Amino acid sequence: MDQDQRYAGALDRILELVVLLHEDMTKSLAAQGLSVSRMTLLWTLRSLGPSPQHVLAEALRVTPRAVTGLVDGLVAGGLVTREPHPTDRRAALVTCTDRGAALLDETAAQQREFGRQLFAHMPAERFDGLVAGLDDVLHTLHGLGLTHQPGVTS
């Protein structure tokens, strides 16, 4: 097998991994009445803390209108609230509810468990090699100008 075939085979594996993980995540979130976009907003809110919608739009690299739709859905699901902004009466702060925070905690625990299921059986040297290889791939992608831009739809 020549080098180009090896590269193509490696890329095929990465693409299969991406598809499998995306399908699993989409199904898991749908079972909770969520979309990937809504969960991305929740994770962003967890990182930023209570935030105006325009700040969330900037962080997610989407339009304020897209964030409005996402927040509306999360408010309806009892996962976030819109609270009056303490210094800008034209703005509202989007804040996780206790239910939203509990969902994020549960999701983080599920991710840790999934990580254990995926990697605990792997010898340490092989795991370290996998992580180093993934770091190399990500570094190359970033060098090619690719960056993480969450696709957000309501």
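# Reading the labels

Q: Leaving aside neighbours within four places in sequence, which residues is Ala101 in contact with?
A: Ala101 is in contact with Arg46 and Cys96, once those neighbours are set aside. The test is heavy atoms within 4.5 Å. The model is predicted.

Q: How far apart are the C-alpha atoms of Ala101 and Arg46?
A: They are separated by 7.8 Å, though the two residues are 55 residues apart along the chain. Ala101 is placed in helix α5.

Q: What makes Ala101 partly exposed?
A: Its relative accessibility is 31%. Buried needs under 20%, exposed over 50%. The value falls in between, so Ala101 counts as partly exposed.

Q: Why is the pair of Asp105 and Arg46 called a salt bridge?
A: The side chains meet with N to O at 2.8 Å. The cut-off is 4 Å, from a Lys or Arg nitrogen to an Asp or Glu carboxyl oxygen. Asp105 and Arg46 supply those atoms within that limit, so the pair qualifies.

Q: What does the pair of Asp105 and Arg46 tie together?
A: Asp105 lies in helix α5 (residues 98–119), Arg46 in helix α2 (residues 36–48). The pair therefore links parts that are 59 residues apart in sequence.

Q: What makes Arg116 and Glu113 a salt bridge?
A: Their closest N and O atoms are 3.1 Å apart. That is within 4 Å, so the label holds. The structure holds 4 salt bridges.

Q: How are Arg116 and Glu113 placed along helix α5?
A: They are 3 residues apart in helix α5, which means a separation of about one helical turn. Arg116 is partly exposed at 48%. Glu113 is partly exposed at 35%.

Q: How do you know that Arg90 and Asp88 form a salt bridge?
A: Their side chains meet at 3.4 Å, N to O. The limit is 4 Å, so the pair passes.

Q: What are the bounds of the domains?
A: Domain 1 spans 1–32 and domain 2 spans 33–143. Their centres, taken over C-alpha atoms, are separated by 21 Å.

Q: How many residues of domain 1 and domain 2 are in contact?
A: 9 residues of domain 1 are in contact with 8 residues of domain 2. Between them the domains bury about 710 Å², with 64% of it on carbon and sulfur atoms. By class, the side of domain 1 that touches domain 2 has 5 nonpolar, 3 polar and 1 charged residues.

Q: How many salt bridges and polar contacts join domain 1 and domain 2?
A: The salt bridge count between them is 0. The polar contact count is 4 residue pairs, both residues at pLDDT 80 or more.

Q: Where is Leu20, and why is it called partly exposed?
A: Leu20 is in helix α1 (residues 3–31). Its relative accessible area is 48%. Exposed needs over 50%, so Leu20 stays partly exposed.

Q: How far is Leu20 from Leu144?
A: Their C-alpha atoms are separated by 25 Å, and the residues are 124 residues apart along the chain.

Technical notes: Residues are numbered from 1 along each chain as its sequence is written. This is a predicted model: local features need pLDDT of at least 70, side-chain atom pairs count only at pLDDT 80 or more; totals for chains, interfaces and linings use all residues. Side-chain values use heavy atoms; hydrogens and water are left out. Helices (H or I, at least four residues) and strands (E, at least two) are DSSP runs, numbered from the N terminus. Buried means under 20% relative accessible area, exposed over 50%, partly exposed in between (1.4 Å probe, protein chains only). Domain bounds come from an automatic or database domain assignment. Buried area is the accessible area (1.4 Å probe) that two parts lose on being put together, summed over both. A polar contact is a pair of N or O atoms within 3.5 Å; within protein, one must be able to donate a hydrogen and the other to accept it, and residues adjacent in sequence count only if both atoms are side-chain atoms. Ala, Val, Leu, Ile, Met, Phe, Trp, Tyr, Cys and Pro count as nonpolar, Asp, Glu, Lys and Arg as charged, and the others, Gly among them, as polar.
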